[in-house]
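Hi,

Here is the structure I promised to pass on.

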Amino acid sequence: MTQDDYIIQAENLHKTYRMGATRVPVLKGVNLAVRPGEFVAIIGASGSGKSTLMHILGALDRPDMGVVRFMGRDLSGFGPGELNRFRNRQVGFVFQFYHLLDELNVMENVYLPTMASTGLLGWLRRRCWARGRATELLVSMGLGERLRHKPYQLSGGERQRVAICRALMNEPAVVLADEPTGNLDSATGNGILEILEKLNRAGQTVVMVTHDDRIAARAGRVITLADGKMI
Ligand SMILES: Nc1ncnc2c1ncn2[C@@H]1O[C@H](COP(=O)(O)OP(=O)(O)O)[C@@H](O)[C@H]1O
Ligand SMILES: [Mg+2]
């Protein structure tokens, strides 16, 4: 395969956090290549740098050294507007603690990425479509009766399903899930994994990080992050 055949490719990523005189080297030469339609799990102990890696893959953070390519294109060559579009449209983030906004209802949380990616005029033109898509996604996740509820009125599993809908809103090329079941009991976490599996069977590329072997085993491919490298 050539570089262009991968959705996401990371080469020799290095990242060190500096706090005063203290240096915490976290990534020490990470390589990773994800093909379209793959479900990849990255497993690593707590503190091994999984979230750091996900943030770099999704352009929420930059590596000190190394390259991330999206469909063959080096992210470091993207201008600010292009980077925002990449984060907003090509990547769908799912976090352990959902990161929903409690002031907004479920439907508004889901269409927020679309609102954020259009100007006012664009939003006026697209809001009908956006409401329709958000509703469709929420119904497909069994949340059709919850559209006007606030996140704090939902259970953990329901909140995570809302977060998955939000991640899917702009039809991202890749879903990046950072310990998506980490805050849930095992039955509820299982339901979330089933959703990710179903999305993947329908063609969605998924990269998930976890510290749990049993969860990682559900993915098509498992790679281990240890001592700052993939082993
Ligand atoms: N913003 C930061 N500043 C300083 N140290 C950080 C920062 N973020 C993470 N770290 C440290 O980097 C290491 C890896 O963190 P993280 O990527 O969150 O690991 P994981 O997600 O695998 O638990 C940890 O030792 C953590 O304390
Ligand atoms: Mg983490």
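Around ligand 1 you'll find Tyr-17, Met-19, Val-24, Val-26, Gly-44, Ser-46, Gly-47, Ser-48, Gly-49, Lys-50, Ser-51 and Thr-52; a residue is near a molecule if its C-beta atom, placed from the backbone, lies within 6 Å of it. That shell has seven polar, four nonpolar and one charged residues, where Ala, Val, Leu, Ile, Met, Phe, Trp, Tyr, Cys and Pro count as nonpolar, Asp, Glu, Lys and Arg as charged, and the others, Gly among them, as polar. Strands S1 (8-19) and S2 (22-34) and helix H1 (50-57) each supply at least two of the shell residues, with H1 giving the most, three. Helices (H or I, at least four residues) and strands (E, at least two) are DSSP runs, numbered from the N terminus.

Before you go on: this is a predicted model, where local features need pLDDT of at least 70, side-chain atom pairs count only at pLDDT 80 or more, and totals for chains, interfaces and linings use all residues. Residues are numbered from 1 along each chain as its sequence is written, while chains are lettered from A and ligands numbered from 1 in the order in which they are written.

Now the sheets. One is open and antiparallel, with four strands in the order S2-S1-S4-S5; two strands pair if DSSP finds at least two bridges between them. S1 and S2 are joined by ten bridges, and Ile-8 has Val-34 in S2 as its bridge partner. H1 lies across S1, S2 and S4 (65-70), at about 120° to S1. Axes are lines fitted to C-alpha atoms, for helices over the stretch in contact, and angles run from 0 to 180 degrees between N-to-C directions; contact means C-beta atoms, placed from the backbone, within 7 Å.

The other open sheet has six strands, ordered S6-S7-S8-S3-S9-S10, with mixed pairing. Its edge strands are S6 (91-94) and S10 (229-230), each pairing on one side only. H1 packs on this sheet too, touching S3, S7 (174-178), S8 (205-210) and S9, and makes about 155° with S7.

S8 runs parallel to S3 over five bridges, and Ala-41 stands opposite Met-208.

Cheers

Terms used
Two residues are in contact if their C-beta atoms, placed from the backbone, lie within 7 Å.
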